[in-house]
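Let's take a walk through a protein model, looking at how its side chains meet. Have the structure open and follow along.

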Amino acid sequence: LFFESSVEWRDTNPGFQVEGILVATYDLSSPVVTDDYARQFASDLLTRLRRVPSVQSVALANSMPLDIHGLPMRGFGLEGRAETSAQQEAALSNIVSPGYFKTMGIPMVAGEDFAAMEDRSTPPQVILNEEFVRRYVAPADPIGRRITSGDREYTIAGVVKNSTYDAFGEPGTPAFFFSFRDRPRWLGEIHLRARPGSETMLASEVQRAVREIDASLPIYNIRTMAEHIERNLFLRKIPARMFLVIAPLLLALLAI
């Protein structure tokens, strides 16, 4: 049972594309970096990477699915929904750029993607997953309604299919996504989608694009999405490996 659970992801559809995606991390953390600079850096980087011939699509995210740290929980208030308790509702959250759902192969089921990074006229937006809609919004139409989180208000722009966020086999989990345009972050996970098997060849293109903007900024933790999942399932595999060693010993003791 331990062994089967440790390899279940190979036979489980996580709700997003695993093959053909390369991921790399950048970190702008500095006392002098502003939100405007972080937003402009992200926009310039996406523009440069889209010009690479072998790149099918590219996007940024602040957090990764199936990461050992998990997606952050964030409180929210929904327009037209009465508070059911003294404690504010909360759901998993992520901050992503326009094109993230296309890059990850997560279908959009209603509404549309985020406004372009350069758009300055569209109000702040949020995109929900289907479980969020089912639990908190249905049967009402979510598109155009407003959500408050922190001290800001966001308009619901679209709804996407559920996917795996923290662990394979998890129950349906409400999640919502903010735009990099509205909430620029200094830490970015670059996602590049290419033909499966060719994604590793894009590492040099990522480094070149970053150097064109900031020659001193390092790019690190370059890996495929499949490698990312493997690394973060390591702790889950320890019990399986332990029992594969101990089980024959237990069997021998039982026979004795």
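Predicted model: local features only at pLDDT ≥ 70, side-chain atom pairs only at ≥ 80, totals over all residues.

Start with the aromatics, where the count comes to twelve pairs. Take Phe76 and Phe176: their ring centres are 5.6 Å apart and the planes sit at 65°, so this pair is edge-to-face, given that angles over 60 degrees fall in that class. Phe76 belongs to strand E3 (residues 73-78) and Phe176 to strand E9 (residues 175-179), so the contact ties together parts that are 100 residues apart in sequence. Both Phe76 and Phe176 are buried.

Ring pairs join Phe76 and Phe176 with Phe132, Tyr136, Tyr154 and Phe178 in a cluster.

In helix H2 (residues 35-50), Asp36 and Arg39 are three residues apart, so about one helical turn separates them, and their closest N and O atoms are 2.9 Å apart. Asp36 is exposed because its relative accessibility is 56%, whereas Arg39, at 14%, counts as buried. Helix H4 (residues 130-137) holds Glu131 and Arg135, four residues apart, which is about one turn of the helix. Here the closest N and O atoms of the salt bridge are 3.1 Å apart. Glu131 is buried at 8% relative accessible area, while Arg135 is partly exposed at 39%.

Next comes a bridge that reaches along the chain. Asp119 and Arg181 meet in a salt bridge at 3.6 Å, N to O. This pair links distant parts of the chain, 62 residues apart: Asp119 is in the loop between strands E5 (108-111) and E6 (125-129), and Arg181 is in the loop between E9 and strand E10 (187-193). Arg181 is buried, with a relative accessibility of 4%; Asp119 is partly exposed at 21%. Shared partners bring Asp182 in as well, so that Asp119, Arg181 and Asp182 form one salt-bridge network.

What its side chain does make is a polar contact with the side chain of Ser216, at 2.7 Å.

Note on methods:
Residues numbered from 1 in each chain as written. Heavy atoms only, no water. Phe/Tyr/Trp six-rings, centres within 6.5 Å; stacked < 30°, edge-to-face > 60°. Helix = DSSP H or I, 4+ residues; strand = E, 2+ residues; numbered from the N terminus. Buried < 20%, exposed > 50% of the residue type's maximum accessible area, 1.4 Å probe, protein only. Polar contact = N/O pair within 3.5 Å; in protein donor to acceptor, adjacent residues only side chain to side chain. Salt bridge = Lys/Arg side-chain N within 4 Å of Asp/Glu carboxyl O.
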